[in-house]
Amino acid sequence: MFLWLAGMWATLHAQSGWTAPPEADRLVNPLKNDPQAVEKGREIYMRLCASCHGKTGKGDVPAMQSLNPKPSDLTSDAVQRQSDGALFWKISEGRGLMAAYKNMLSEEERWALVTYIRTLAPQKEESPAKEEKPKETGAVTPEPAAEPAGKAKPVDAFPFTVLINAKTTHFFNPNTFGFNIQHRFGPVKFDEGLWRNFLGLDLAANVRFAFEIPWGERFYFEIGRTRYGKMYDLGAKYLVMQQTSDDSKPVSIALYTDVAVNTDQAPVYSPDATFIDGTPFEFKWYHRLYYDTQIMISRKFSRKFSAQVTGEFIWRNLAPPPMPTSGKGEIPEKNYILAFPVALHYKLGYMSALSLEVMPNTHPKTLPFALAYEIASSGNHVFQITLSNTDRILPQMIFTTPTYRPAKEGLLLGFNLLRYF
Ligand code: HEC
């Protein structure tokens, strides 16, 4: 009770000015001048803050003018003069009508807001050296208000390393590692089975777990396990080129390669099985191997829209037939498949997006496509609901397994869960 009263008194007393504690000045903004953080900060700002502080940050929302104190003018010198740490502290702790956002927004999101608020400062002429330095004691990091003009920044077309089934050109913070779960339920059609099998969730499901382990900023390894085929796979991705904000590099380019081994029970072939050319066939361990190599080219076209085209080469050591010799007349499949997946990503809002993938290729019986609705995506995790015509997850299997025909066999629901630790 006493504390509460003391708090009230302190609050009332301090109403005229609001100063963050000196320790706050020592906090260092990890997202300083980061263009992605500016963008993210802007989105959060427009959603949560603009109603009071105004779209431009000037605090000139008419309905708010009778408040005391009024929402601050974030473009003002009084605010811009404060250290990043002080603004971070105020956004976290709040006061009066200004809510405490520390439980509502992650640290990263609050720093993104601070980074964005910096861009609201009226543009100063030229040299930041002329600017007045914060007077508060303890401010350790000098704060140039505006970054030097014309400095190119990296642009990332996709927020995650996997869109739905396709790999993307995205790379993540090398101090973290990624964990993915991709889950596909059974096929459902629009008939009574839709409810009987509860949208396919009752049916057999395929799932792949994978870890992504970075090695520097441009390289990561990936190790995965997929249920169908009891496949283990080992992959690696390398960033060749990153798109930049000044378009001196208009696209991002990445290379990816992966080898998968099927560890399921060996298939049973009749003893007189032959290859299509008649040579006797015997199942060997290397027939279990499947390879995938890709070159991905992506571009972020606007704040909301990104696209990627990929050239992909799949090789399998064993292609059907060989069948038991009765398989005469079978059309032999090739050991290799060329594919040209196209992936599109459209942000609907701060935390949601739509993705679409279509994967034309040279296999006669597959044309994989997938749609996903992304919910609750933030800097380090994403959840997607997917709808597709394939229950395979590894590209090696996606392009070598006939896709479901939507009208006859139905489509499959699924989900992707990606997270960085
Ligand atoms: C309900 C209206 C309201 C909303 C929403 C709101 N604020 Fe505020 N904000 C205020 C008011 C009022 C103050 C002044 C508080 C005081 O001085 O006691 C303030 C003060 C601040 C300050 C301190 C400025 C100074 O004078 O030192 C910052 C920074 C700030 N807000 C940022 C934000 C951010 C970022 C958001 C969104 C996450 C936000 N505010 C959302 C009303 C709001």
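This is a predicted model: local features need pLDDT of at least 70, side-chain atom pairs count only at pLDDT 80 or more; totals for chains, interfaces and linings use all residues.
Q: What share of the chain counts as buried?
A: Of its 421 residues, 33% count as buried. A residue is buried if 20 or more other C-beta atoms lie within 10 Å of its own, exposed if 12 or fewer, and partly exposed in between, with C-beta atoms placed from the backbone.

Q: Moving to helices, how do H4 and H5 pack?
A: Helix H4 (residues 84-93) and helix H5 (residues 107-118) pack at an angle of about 125°, with their axes 9 Å apart. Axes are lines fitted to C-alpha atoms, for helices over the stretch in contact, and angles run from 0 to 180 degrees between N-to-C directions.

Q: Which word describes the orientation of H4 and H5 to each other?
A: H4 and H5 are therefore oblique to each other. Angles under 35 degrees count as roughly parallel, over 145 as roughly antiparallel, 65 to 115 as roughly perpendicular, and the rest as oblique.

Q: Which residues of H4 and H5 meet?
A: From H4, Asp84, Leu87, Phe88, Ile91 and Ser92 meet Arg110, Trp111, Leu113, Val114 and Ile117 of H5. Two residues are in contact if their C-beta atoms, placed from the backbone, lie within 7 Å. By class, the contact of H4 with H5 has seven nonpolar, one polar and two charged residues. Here Ala, Val, Leu, Ile, Met, Phe, Trp, Tyr, Cys and Pro count as nonpolar, Asp, Glu, Lys and Arg as charged, and the others, Gly among them, as polar.

Q: Is H4 mostly covered or uncovered?
A: H4 is mostly covered, as eight of its 10 residues are buried. The buried residues include Gly85, Ala86, Trp89 and Lys90. H5 is part of what covers the buried residues of H4. Just after H4, Gly94 has a positive phi of about 65°.

Q: And how does H2 pack with H5?
A: Helix H2 (residues 35-53) packs with H5 at an angle of about 100°, and their axes are 7 Å apart. That makes H2 roughly perpendicular to H5. The contact includes Ala37, Val38 and Tyr45 of H2, and Glu109, Trp111 and Tyr116 of H5.

Q: Changing topic, what does S3 pair with?
A: Strand S3 (residues 219-226) is joined to strand S2 (residues 206-214) by seven bridges, and the two run antiparallel. Eight bridges join S3 to strand S4 (residues 231-241), also in the antiparallel sense. Two strands pair if DSSP finds at least two bridges between them.

Q: What is in the turn between S3 and S4?
A: S3 and S4 form a hairpin with four residues between them, and Gly229 in the turn has a positive phi of about 85°. Lys230 is also in the loop between S3 and S4, and its phi is near 45°, a positive value in a residue other than glycine. Lys230 counts as exposed because it has 12 C-beta neighbours inside 10 Å.

Q: Where is Asp247, and what is its phi?
A: Asp247 lies in the loop between S4 and strand S5 (252-262). Its phi is positive, about 65°, although Asp247 is not a glycine. Most residues other than glycine have a negative phi, and most peptide bonds are trans.

Q: Which residues does a cis peptide bond join?
A: It joins Asn68 and Pro69, with omega about -5°. Pro69 is in the loop between H2 and helix H3 (77-80).

Technical notes. Residues are numbered from 1 along each chain as its sequence is written.
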